[in-house]
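Trainee: I have some labels to check against their cut-offs. Can we go through them one at a time?

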Amino acid sequence: MSSPEDVLTSYRGAIGFRPPEDPGSLRRPQIGALHSILGYLSSGLTEPAVIVMPTGTGKTETMLAWMVAGRPQRLLVVVPSAALRAQIADKFETLGILQRAGVVARSAMRPCVGRLEHGFQKPEDAASFVQACNVIVATPHALQACDQEARHVLLAACTHLVVDEAHHAPADTWTEVIRAFAERPVLLFTATPFRSDGRALPGKTIFRFPLREAQKEGYFSPIEFTAIFAVDDADEELAAAAIGRLRQDLAEGYDHVLLVRAGSRQRAGEIHAIYIREASEYQPRLLHDGLGAGEKSETLDALRTGQCRIVVCVDMLGEGFDMPTLKVAAFHDTRKSLSPMIQLVGRLARTSSPTEIGTASIFVSQDPSTARSPLRDLLREDPDWNQVLSDVTDRATARAEEISEFDASFAGTPSSVPIGLLEPKMSAIVFRTGASDWEPDAAQRVNGASILDGAISISAHHDVAWFVTESVDDLRWGSVPGLRDVGYDLTVLYFDRTRGLLFVHGSDTRKKYDKLAEAVLGTEPIQVRGIETFRVFSKLDRLIPTNVGLLDVRDRDKRFSMHVGSDVEAALTEAERNHKTNTHISASAFDNGVRVTISAALSGRFWSMQTASGLMQWREWCDRQGTKLIDTSVDIRTVFRDMIIPTPVTERPPFPLLSMEWPWDLYLGTGTSQHARYVGTTSLLTDVDFEVDDHSEVGDFLFSVFTPDWKVPYAATIGSAGVRYRALGSEVTVENSRGDKTPLSTWLNAHKPTLFLSGDRLITGDDRLLVPRTDVPPFDRGKLMVLDWSGVDIRVESQGVDRRSDSIQAYMVRYLTGQQTFDVLIDDDGAGEAADLVGLRIEGDDLRVTLVHCKYSSSDLPGKRLQDLYEVCGQAIRGARWRDRAAAPLLEHLDRRVQAYAKRTGKSAFEVGDRKELNRIRERAPLLFPRLETIIVQPGLSAKVSSDEQLRLIAGAESYVRAVTKGKFAVYCSA
């Protein structure tokens, strides 16, 4: 065997590059990446270099070319799996295509490659192994299996590190290896530089070959995509479509194999049985980690020889697997993480000769979960996959690169604290300044030797700096010789030049930062403190304080007090007196329809319960708060007066009950496991509706739960223990996914619904009454919208399955479609409805949602009956919830309901559009901003003779809906 030194010498003068258009030589992406690597390593920079190359564009050939051109003394290559270790090692041992294509002279000796398949327990064994190698290929697990000293010897002897499939790099086992090469060259190769957890790759992107360029240059074949919208059995229909394509391809002479993906071993077994039944001639096989090595190898051999044409996998055949005939795929359970999915699709599409291998075909079962996953753009109905792949990876890569470039702009980072791992709390104090520039390094004068590694990390472009301080103190729990309490704190600075603000975040919230601010600004700034800090509460809706601190400047014995719950109102009221002031306030609210938490203190600190995913997100949050802090038009007293104070419910409020709402958690994922059973019928709990049976202002709240098949009465009593529910007769049974059965009254007492009362009042699930501190004025009579109800029986609300044309609902369908355009308009009328009519329209970056709530008139003549408005106002209030979570629960609800309607009636619930259009909206919705319009339709209401009580009832509904949704509100009535 040649010595490692001889191999390195033989490379000298042995490299010759052919023109990129020569199919046998290196092509454009490999040459571009190679030049970028050589230039970057010659720059002297030591942070890892990230090279982004789509699957199939030659990452391994680029590694080999760089090894030959750069001649690293000893190279460690880290890969994620044993399969990829064998594949990469084979390439390094043979130099891949380099000698065959003449890029490297045939006389050049090949490198000595060592495969680390298990850990070394003795340092001397590790040393002997390393000295015999030019290249070592290992997995992180094999390195972790080494004895600590042996691992140190192995890593220390390597001069360069290459990481393949580097999207794994932020994982702990990978990070430890990369950190060991802190002062040595590190190259990170990946096709997908983004992760589902949002963590960025360590280092700087020095080269990226866009996927669309790879497609133009023929690295990928066209992909035909089919989304299966199943009506009956989704797995059966998907399998039939994929098998049909495989048979067609084989009949046309293409040597194709079908990959079937399942999400678990259990699912794989169920799906495998379908393929055995429907296509036994292709010998479908299973492949997952639970199989033995021999069985896996036998399956792979059968695939390569064509004996087996269908393989059902669980997280297999991804990284490190290359099989040109793998050209048909059926995703029964899609990946929730984008990177592995892109990797797998890329492997299906890669080709060197599309005319010989044929077109790749992808089949996906379209269902609610895929529409919410990061794959939503990949799973669109009938997309141009060439463009879709490019759009998705480029967009995700662009965001990853934005964060990467932001992080890479920092210099002087402490060696033991990677910037990508910083997750500061959303908190800060802020200083006003007239300075036009700053000097973050001046923090050394304030913090001195306590700064970790003496390093202040400063962004070259974003006016952000950070450092970590180390403190050593005596133990607080005893005096133990040799033990000290060592702590680390993060300080982040952001200088907003436009507004003249310096934001300071300190994980040590007890510390003063005025001297630090003065040092970095070079002048004495003015800290925003006192009541001005409470401006962060401005421009928020339904601000509900959760706790308030009160300071009494006169009574030294009772100077500070904390107030929560009903005491909050007393604290806010007392703060208006001369001798008391609020020290801090914490609250929840809606910010442009999004639920948020926000807190502020007289000391000048303001914060949220949210943790930032990185410094970039923290800076963006500071920008939003800074806009409010410098807004001198904000009247703090008005902000305080508008706060809604939660008070315990111990007696029945003297207001009518309008509607009730199931706990919102049911709509956010757990609702499918809860069912209601009564007289032999079962319904999803969220399809069971509430109906208020008594709108009086005294006594128990009386209501019924109902479905199209039954209606059962209940009551809610309020006393010192809060709200307690009981059945007035027979009970409905609630059954969960485990089969546990609970009486509905018991379930309601454990999972209390929200009760909506007139006048924008509500009782929350924790038995708190929320009442606006200011009276809601009556609805403006001039805003009532009068319609001509000629030809409509105003005593008939629903159009029903037969589409009764003289109903109020049918009339509104005709009226609204004549007034505006909908992509989708759905009849959702019935128990558990979102609204009688739901309209959806995509307009630019907005998702326009229209909820139409209809109510029949109790009389042929419109008048002043208050009863005619109770239910419809309650429906409108309850409908506001659908703005939450970017309207995702609403879209899932609608998709499930339209399918159920079709099965139950044999007809479509769509007035405009169809289910494919609905799913198109669902897939785009996470990237859109939902804007809600609420419409009340009550022809029994008269614009001329409506009473003040009616207008106040409408005003209470409008007040709540507008605050929660920030959307439009309209009332249609009679003259």
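**Labels and cut-offs**

Mentor: Start with Gln283, which counts as partly exposed because its relative accessibility is 35%. This is a predicted model, where local features need pLDDT of at least 70, side-chain atom pairs count only at pLDDT 80 or more, and totals for chains, interfaces and linings use all residues. Residues are numbered from 1 along each chain as its sequence is written, and side-chain values use heavy atoms, with hydrogens and water left out.

Trainee: Why is Lys539 called exposed?

Mentor: Buried means under 20% relative accessible area, exposed over 50%, partly exposed in between (1.4 Å probe, protein chains only). Lys539 has 54%, so it counts as exposed.

Trainee: What makes the backbone of Gln283 stand out?

Mentor: Gln283 is not a glycine, yet its phi is positive, about 50°. Gln283 sits in the loop between helix 11 (265-278) and strand 10 (285-287). Helices (H or I, at least four residues) and strands (E, at least two) are DSSP runs, numbered from the N terminus. Lys539 also is not a glycine and has a positive phi, about 65°.

Trainee: Why are helix 5 and helix 7 called roughly parallel?

Mentor: Their axes cross at roughly 20° and come within 8 Å. Axes are lines fitted to C-alpha atoms, for helices over the stretch in contact, and angles run from 0 to 180 degrees between N-to-C directions. Angles under 35 degrees count as roughly parallel. Helix 5 and helix 7 are therefore roughly parallel.

How values were computed. Angles under 35 degrees count as roughly parallel, over 145 as roughly antiparallel, 65 to 115 as roughly perpendicular and the rest as oblique.
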